[in-house]
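Open the model in your viewer and keep the selection panel at hand. This tour goes from the domains to a site taken from a record.

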Amino acid sequence: MTPHRSARAAVLSAGSWGTAVAKIMADAGTSVIVHARRDEIADSINTVHRNPGYFPDVELPAALTATTDPAAALAGADFLVLSIPAQSLRTNLAAWAPHIGPATVIVSLMKGIEQHSHLRASQIITEVTGVSAGRVAVLSGPNLAREIMDGQPAAATIACTDEDAAHRFQKACHTGYFRPYTSTDVTGCELGGAVKNVIALAVGIASGMGLGDNATALLITRGLAETTRLAVAMGAHPATLAGLSGLGDLVATCSSPLSRNRTFGTHLGRGLSVEEATAATRQTTEGVKSAQAILALAHTHGVEMPITEVISALLHEKVTLDEAAAALMQRPPKPER
Ligand SMILES: NC(=O)c1ccc[n+]([C@@H]2O[C@H](COP(=O)([O-])OP(=O)(O)OC[C@H]3O[C@@H](n4cnc5c(N)ncnc54)[C@H](O)[C@@H]3O)[C@@H](O)[C@H]2O)c1
Ligand SMILES: O=P(O)(O)OC[C@H](O)CO
């Protein structure tokens, strides 16, 4: 990348978070092309500067363009920003990989763990594309897309083992309303983002069952404890889990009615089956797909994750709501750690 031209980014795809990050980057002066799967979304972004599928009410920067051709989006890109459901990453990336330039930094926005391999998105990216870990970054934090599209302030962590790559992406997405920090702890950043979705399901369930704020605080606090245990066992720094991609995202997701994971949990807590809650949910709900894989990681690393275990059992309809609550409250007494 020469210092005299603005950075170029390809954002795949034009869902809610992809659109929000594309807007942030365009507002930061980065030249952005979004890849949309549907012609009508790409046409609308190019002609009336709106994404009718996700944010019909928000005018996008005129400099933000769209295409349905991934090769066209990726041509000359300094950054490839990936924002699709984690379970679809491997297949899509294999098709896009031949168009990725030799110096392009690949940035994952995804907060899920692959079901069959138990891999994080950054690991899938290096596996599928063969690029070095230093060219793979992760952006994660308390970032509800709707708030960001409204220009409300937010911050996030960009993690990459190559600090220079993280700094370049930081510059490419720093605006007056979006403040990105950098980190080298990719593992901690990704695990914080993935596990908070499962804890948000638990908080939603508790809320749907009519439980109070004490129960919410209990789940957030002990949820952070089990997230940190897993992340540290997998090599993360504990401070990462106390930061934006850990505690920050956990608090935002567990508190907000905008969260799809929390809302899905609320449906379950009110008595809907998993099938009914899925039918009521239009967008990506990573915690539902990732809970079992996170539990498998916990078993592999010899870590206790009681909330994740109970949520996984509930999602597979192995326990009832009352049995799930009892399973958590009737665990043997222990010191707090
Ligand atoms: N929405 C948010 O506030 C937010 C914030 C931070 C992180 N995230 C993360 O970003 C990722 C994407 O979430 P989102 O909110 O944008 O989801 P979304 O459901 O709004 O959009 C998903 C996008 O992926 C595309 N897509 C869906 N299935 C696909 C498939 N099988 N193959 C290819 N493309 C497919 C859709 O067309 C859409 O463009 C998730 O991992 C989520 O956890 C979301
Ligand atoms: O809507 P959710 O539950 O996927 O959460 C969105 C973001 O991850 C919040 O940071």
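Select the two domains and place their C-alpha centres: domain 1 and domain 2 lie 25 Å apart by that count. Domain 1 covers 8-184 and domain 2 covers 187-329, with bounds from an automatic or database domain assignment. The model is predicted; local features need pLDDT of at least 70, side-chain atom pairs count only at pLDDT 80 or more, and totals for chains, interfaces and linings use all residues. Residues are numbered from 1 along each chain as its sequence is written, while chains are lettered from A and ligands numbered from 1 in the order in which they are written.

Domain 1 gives 26 residues and domain 2 gives 27; contact means C-beta atoms, placed from the backbone, within 7 Å. On the domain 1 side, colour α5 (121-129), β6 (136-140), β7 (154-159) and β8 (178-183), which each give two or more residues. Helices (H or I, at least four residues) and strands (E, at least two) are DSSP runs, numbered from the N terminus. The largest share, four residues, is from β7.

Next, select Lys111, Arg260 and Asn261, listed by UniProt as "binding site" in an unreviewed entry; such annotations may be inferred rather than shown by experiment. They span 151 residues in sequence, yet no two of their C-alpha atoms are more than 12.5 Å apart, so they gather at one spot.

Zoom to Arg260, in helix α12 (residues 260-269). Arg260 touches Thr281, Gln283, Thr284 and Thr285, leaving out residues up to four places away in sequence.

Finish at Asn261, also in α12. Is Asn261 buried or exposed? It is buried, with 27 other C-beta atoms within 10 Å; the cut-offs are 20 or more for buried, 12 or fewer for exposed, and partly exposed in between, with C-beta atoms placed from the backbone.

Terms used: Two residues are in contact if their C-beta atoms, placed from the backbone, lie within 7 Å.
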